Amino acid sequence: MPTLVNQEAHGDEAGALLGFLEAQRGAIRRTLHGLTGEQAERKPSASELSLAGVLKHVAEVEQSWVEDAKGVPHAIPRDHTNWHLSFELEEGRTVADVLAFWDGVAAETERFIRSLPDLNGTFPLPKAPWFPEGSVRSMRFLLLTLIQEMARHAGHADVIRESLDGKTAFVLIDETGAA
């Protein structure tokens with residue numbers, strides 16, 4: 001869970017972007033440090049977000065973007081009727097379960113990106129009201145989108161955590177020994 005992304009090897013654009021992605025994942029993971037499952041499911045701020053919900057959402061979103069890039073169906077189909085479920089733990093699921101799931105998703109993201117000759121390849125965006133018809137994006141766009149998604153939700157997670165017990169990102173960095 002780095003806080004400072006190491007310089008990439010010369011010319012390793014994919015490595016640099018994967019490093020920034022992992023740093024943002026780490027920011028989200030850190031917000032769960034030392035919490036009980038019950039605390040992680042609380043919704044202490046003005047939004048309907050909990051830390052457990054943010055965690056599940058970012059794991060599913062990362063998985064679905066990589067599935068789009070691979071051209072395979074989504075393992076967890078979401079639409080307007082069940083989108084809210086991406087922010088809720090199913091009965092019997094724990095934060096540890098979702099962290100383990102996300103670890104697998106992250107490993108698959110890295111395997112997929114590292115298997116590409118470069119980041120110039122493209123993939124079509126799925127049909128959705130928010131995507132222009134026939135849009136394609138590069139693998140570079142995929143990584144930048146994932147970094148943006150994680151950073152946005154890392155900010156949400158920081159606010160939720162601070163609302164729970166007053167701990168800020170810097171306190172959690174210190175507690176976890178993140179470099």
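Guide: This predicted model holds 17 salt bridges. Local features need pLDDT of at least 70, side-chain atom pairs count only at pLDDT 80 or more, and totals for chains, interfaces and linings use all residues. Residues are numbered from 1 along each chain as its sequence is written, and side-chain values use heavy atoms, with hydrogens and water left out.

Visitor: Why is the contact of Glu48 with Lys43 called a salt bridge?

Guide: The term requires a side-chain nitrogen of Lys or Arg within 4 Å of a carboxyl oxygen of Asp or Glu. The closest N and O atoms of Glu48 and Lys43 are 3.7 Å apart, so the pair meets the definition.

Visitor: What makes Glu48 count as exposed?

Guide: Exposed means over 50% relative accessible area, buried under 20%, and partly exposed in between (1.4 Å probe, protein chains only). Glu48 has 63% relative accessibility, so Glu48 counts as exposed. Lys43 is at 43% and therefore counts as partly exposed.

Visitor: Which salt bridge does Glu108 form with Lys70, and where do the two residues lie?

Guide: Their side chains meet at 2.5 Å, N to O. The pair links distant parts of the chain, with Glu108 in helix α4 (residues 95–115) and Lys70 in helix α3 (residues 51–70), 38 residues apart. Helices are DSSP runs (H or I, at least four residues), numbered from the N terminus.

Visitor: Why is Glu108 called partly exposed?

Guide: Its relative accessible area is 27%, so Glu108 is partly exposed. Glu108 also forms a salt bridge with Arg111, at 3.0 Å, N to O.
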